[in-house]
Amino acid sequence: MTVLDTSAQALAALGYRKMAKQQQEIFDVVLAAQRNGARDMSLTEIRDTYERINGKRIDLNRVSARVSNLVAASRLVRREDTRPCSVSERPIHPVYVPESQARLFA
């Protein structure tokens, strides 16, 4: 079994609707954080905020996959510069909602 096979199985198990819903929820978390003064967010910060807002656990790998989808769709942008994550204190390349997307959801 290849990585591609297991990825396809995971995607099929998750379902496209659930994946799209999670993408939108993660986008909403980042957008809300920015509207409340955050410049950007790390994956761990997104996970912790998502869990607090939605009252359900989400795996960090799933957050990473959904953020990658959002970056590929230009709904989120990954910063080239790094900063320490407020949770892990590791250097990270945080993501943010670009102005063009933020205006669409104003």
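Trainee: Which residue lies over the face of Phe27?
Mentor: Arg75 does, at 4.1 Å from the ring centre. A charge sits over a ring if NZ of Lys or CZ of Arg is within 6 Å of the ring centre and within 35 degrees of the ring normal. Keep in mind that this is a predicted model, where local features need pLDDT of at least 70, side-chain atom pairs count only at pLDDT 80 or more, and totals for chains, interfaces and linings use all residues. Residues are numbered from 1 along each chain as its sequence is written, and side-chain values use heavy atoms, with hydrogens and water left out.

Trainee: And what lies over the face of Tyr96?
Mentor: That's Arg79, at 4.1 Å from the ring centre.

Trainee: Switching topic: at what angle do the axes of α2 and α3 cross?
Mentor: Roughly 105 degrees, and the axes of α2 (residues 16-35) and α3 (residues 43-54) come within 10 Å. The two helices are therefore roughly perpendicular (65 to 115 degrees).

Trainee: Which residues make that contact?
Mentor: With contact meaning heavy atoms within 4.5 Å, α2 brings Gln22, Glu25, Ile26, Val29 and Val30, while α3 brings Ile46, Thr49, Tyr50, Ile53 and Asn54.

Trainee: What does Gln23 touch?
Mentor: Arg66, Asn69 and Leu70, not counting residues up to four places away in sequence.

Note on methods:
Axes are lines fitted to C-alpha atoms, for helices over the stretch in contact, and angles run from 0 to 180 degrees between N-to-C directions. Helices (H or I, at least four residues) and strands (E, at least two) are DSSP runs, numbered from the N terminus. Angles under 35 degrees count as roughly parallel, over 145 as roughly antiparallel, 65 to 115 as roughly perpendicular and the rest as oblique.
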